[in-house]
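Here is a report on one protein chain.

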Amino acid sequence: MAVLSLSNAHLAFGHVALLDGANFSLEVGERVGLIGRNGTGKSSLLKILAGLEKLDDGLLQQQQGLTNVYVPQEPELRGDATIFDVISEGVAEHKALRERYEIHDENDDLAWVQERIEHIGAWNWEQRVEETLHRLGLDGSRLISTLSGGLKKRVALGRALVAQPDVLLLDEPTNHLDLDAITWLEGLLNDFKGSLLLITHDRAFLDNVANRIVELDRGQLRGYPGNYAAFQAAKAYELENEALFNARFDKLLAQEEVWIRKGVEARRTRSVARIQRLEAMRQAHAARRDVQGKVRLDIDTGGASGKIVAELEDVSKSYGERAIVRGFTSTILRGDKVGLIGPNGAGKTTLLKMILGELPPDSGSVRLGSKMTVAYFDQMRDTLNLDATLADTISPGSEWIEIGSQKKHVKSYLGDFLFSPARANSPVRTLSGGERNRLLLARLFARPANVLVLDEPTNDLDIETLELLEELLADYDGTVFLVSHDRRFLDNVVTSTIVFEGDARWREYEGSVQDWLLQSKRAAALQAQAPKVAAPTPPPAAPEPAPVVATKRKLSYKEQRELDEIPKQIAALEAEQKQLNALLAGSELYTQGATRIAEVTDRAADIDAELLALMERWEVLEAK
């Protein structure tokens with residue numbers, strides 16, 4: 001049953017139709033991920049569903065008595081208030097009703113007030129706030145002005161959750177959250193009993209939270225069952241069919257245009273119905289909204305740096321009594337793509353500045369490589385002049401730009417990043433958050449550099465641009481330092497990770513985020529399973545104590561059989577996984593209905609977990 005729905009919805013800004021006769025419904029208990037390109041109208045749609053904006057035309061319906069709460073990308077919180085006060089705003093009606101009851105105003109209908117208090121559970125609103133604070137790990141006495149961006153986002157989520165809404169509407173909830181906080185949020189939303197609609201570009205988050213994907217594409221809302229992985233395969237099949245249909249349509253239209261322009265003899269016998277059909281085809285072609293072009297990314301790497309980019313030996317750094325880095329050793333080589341992972345405030349920026357020689361360590365040594373040219377992507381976009389035009393931001397004082405051996409007109413280069421020529425002379429302040437990030441990437445890639453430093457480049461970028469950026473960085477010949485909380489993006493780009501492990505300790509791991517998680521999990525499991533060696537008791541007094549010979553424990557019969565069977569089980573699972581991946585990559589599956597798609601997607605996810613468990617068990621048995 002739908003808790004809210006849109007029918008024949010229309011919304012336009014200027015000549016661009018964001019919603020063009022769109023239809024949508026949100027069912028009870030659904031967790032829907034809303035995706036689409038930047039500027040397509042996702043945030044506007046969320047505000048319409050929250051009742052903050054109106055449709056130009058169409059119908060919005062919702063269940064009677066439905067409560068919904070909207071959390072924007074950048075929530076507004078009172079800086080002089082405490083966390084307790086702000087979260088209490090979510091139960092404002094509860095507070096007001098209880099105050100009315102306690103005051104006993106003669107003009108009040110106390111019977112109705114008491115009935116309403118009972119209905120919404122307003123007697124114990126303080127307890128509800130305290131429980132929410134405990135659940136979110138927040139100190140209610142702290143002032144909002146002292147909080148980081150990640151904690152402010154957590155407070156905004158707490159204000160929404162304490163209201164216990166029927167529908168939760170979230171716009172980019174993972175922005176400003178570190179990996180641990182994102183994992184925490186996944187669990188929180190999966191436990192949420194109401195319906196959820198969220199906008200995010202974090203593909204791993206979508207896979208772990210959403211059970212349906214809705215794409216806003218060219219004014220229409222299209223739903224796909226399952227998580228983001230299932231959507232990708234279904235969308236590829238859909239776009240392939242759309243391209244084939246459009247190609248056939250265009251070929252037929254071209255043939256009809258030739259026919260209508262034939263000589264006098266042919267025109268004498270023209271069919272009126274055929275002419276009417278041609279007019280209809282012309283109108284359909286003019287109204288068709290084709291798939292928007294893709295961002296085309298290229299980068300000028302300039303000259304190569306030396307083989308060694310940085311060599312750190314036992315470096316440490318503190319600010320006052322707070323240690324940031326303690327005894328870190330690493331060698332960064334040309335072409336390495338390094339991800340820095342740690343909670344907000346752990347010191348990722350400080351460590352990065354030491355690696356690049358911008359900040360001296362308190363102890364230890366840092367040796368920098370030669371011929372390094374560094375380019376930075378700024379997380380907060382502070383380096384953008386909001387009054388400058390897009391063209392001046394990319395190429396000040398010139399209409400041309402050189403990228404490697406290529407020379408491009410600045411409007412053509414901006415077109416590669418999906419900015420129309422008409423917008424080249426528009427001020428930066430007219431751009432959305434995602435468009436400003438795209439402009440920063442355009443400026444970054446226009447400058448020769450053999451070392452790229454990317455601080456949260458994924459914020460506000462749509463998924464398609466993220467995937468193209470991944471491809472570019474994977475093929476980039478220089479060195480990349482990447483600070484990001486987007487797990488999928490890190491997995492697809494980095495060749496190693498530097499991870500904060502507490503107490504100012506940082507450790508380098510080879511491979512991606514998944515490799516780090518697997519290695520650290522295995523190390524913890526082995527450490528937990530290792531038998532504790534008791535302290536040796538002093539031997540009895542004797543001139544020469546007999547030497548003790550260590551022996552390796554032999555596997556039991558059952559354990560040996562288990563060890564022999566594991567390779568066969570792994571081979572069988574890998575064969576099944578190969579078949580499922582082929583199904584997901586093909587088109588036949590998506591003609592078999594939502595239930596079958598969900599079965600295959602869930603089984604593919606289960607196999608990954610089973611393989612990991614078998615690998616870990618194999619390692620434990622081998623160690624014995």
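## Glutamate 215 and its strand

Glutamate 215 lies in strand 8. Helices (H or I, at least four residues) and strands (E, at least two) are DSSP runs, numbered from the N terminus. The model is predicted: local features need pLDDT of at least 70, side-chain atom pairs count only at pLDDT 80 or more, and totals for chains, interfaces and linings use all residues. Residues are numbered from 1 along each chain as its sequence is written, and side-chain values use heavy atoms, with hydrogens and water left out.

Is glutamate 215 buried or exposed? Glutamate 215 is buried, at a relative accessible area of 12%. Buried means under 20% relative accessible area, exposed over 50%, and partly exposed in between (1.4 Å probe, protein chains only). Neighbours within four places in sequence aside, glutamate 215 is in contact with Ile35, Gln220, Leu221, Arg222, Tyr224, Phe231 and Lys235. Contact means heavy atoms within 4.5 Å. Of these residues, arginine 222 in strand 9 is the bridge partner of glutamate 215.

Strand 8 (residues 212-217) pairs with strand 9 in the antiparallel sense, over 6 bridges. Two strands pair if DSSP finds at least two bridges between them. Strands of a sheet pair through backbone hydrogen bonds, either parallel or antiparallel.

Both strands belong to an open sheet of 6 strands, in the order 5-6-7-3-8-9, with mixed pairing. Its edges are strand 5 (68-71) and strand 9 (220-225), each pairing on one side only. From one strand to the next, the twist averages 20 degrees. Helix 6 (residues 149-161) packs on the sheet and touches strand 5 and strand 6 (167-171). The directions of helix 6 and strand 6 make about 160 degrees. Axes are lines fitted to C-alpha atoms, for helices over the stretch in contact, and angles run from 0 to 180 degrees between N-to-C directions.

## Helix 5

Helix 5 (residues 125-136) has 12 residues. From first C-alpha to last, helix 5 reaches 17 Å, close to the 16 Å expected at 1.5 Å a residue. That expected span is 1.5 Å times one less than the number of residues. Glycine 137 follows helix 5, with a positive phi near 65 degrees.

Which residues of helix 5 are buried? They are Trp125, Arg128, Val129, Thr132, Leu133 and Leu136. Seen down the axis, the buried residues of helix 5 fall within an arc of 140 degrees, so they line one face of the helix. The arc is that of the directions from the helix axis to the C-beta atoms. These buried residues pack against helix 2 (83-88), helix 3 (92-103), helix 4 (110-120), helix 6 and helix 7 (179-191).

## Lysine 317 and strand 10

Lysine 317 sits in strand 10 (residues 308-319). At 10% relative accessibility, lysine 317 counts as buried. Not counting residues up to four places away in sequence, lysine 317 touches Ala323, Ile324, Val325, Thr350, Met354, Leu359, Pro360, Pro361 and Asp362. Valine 325, in strand 11, stands opposite lysine 317. Phenylalanine 328 is 11 residues from lysine 317 in sequence and 9.7 Å away, C-alpha to C-alpha.

Strand 10 pairs with strand 11 (residues 322-333) in the antiparallel sense over 8 bridges. The hairpin of these two strands has 2 residues between them, and glycine 320 takes a positive phi near 65 degrees. Strand 10 also runs antiparallel to strand 13 (residues 363-368), joined by 5 bridges. There, alanine 310 has leucine 368 of strand 13 as its bridge partner.

Most residues other than glycine have a negative phi, and most peptide bonds are trans. Arginine 218 has a positive phi near 55 degrees. Arginine 218 lies in the loop between strand 8 and strand 9 and is buried, at 15% relative accessible area.

Lysine 371 also has a positive phi near 55 degrees. Lysine 371 lies in the loop between strand 13 and strand 14 (374-377) and is exposed, at 67% relative accessible area.

## The whole chain

The chain holds 20 helices and 20 strands. Buried residues make up 43% of its 624 residues. Among contacts between residues at least 6 apart in sequence, 69% join residues at least 24 apart.
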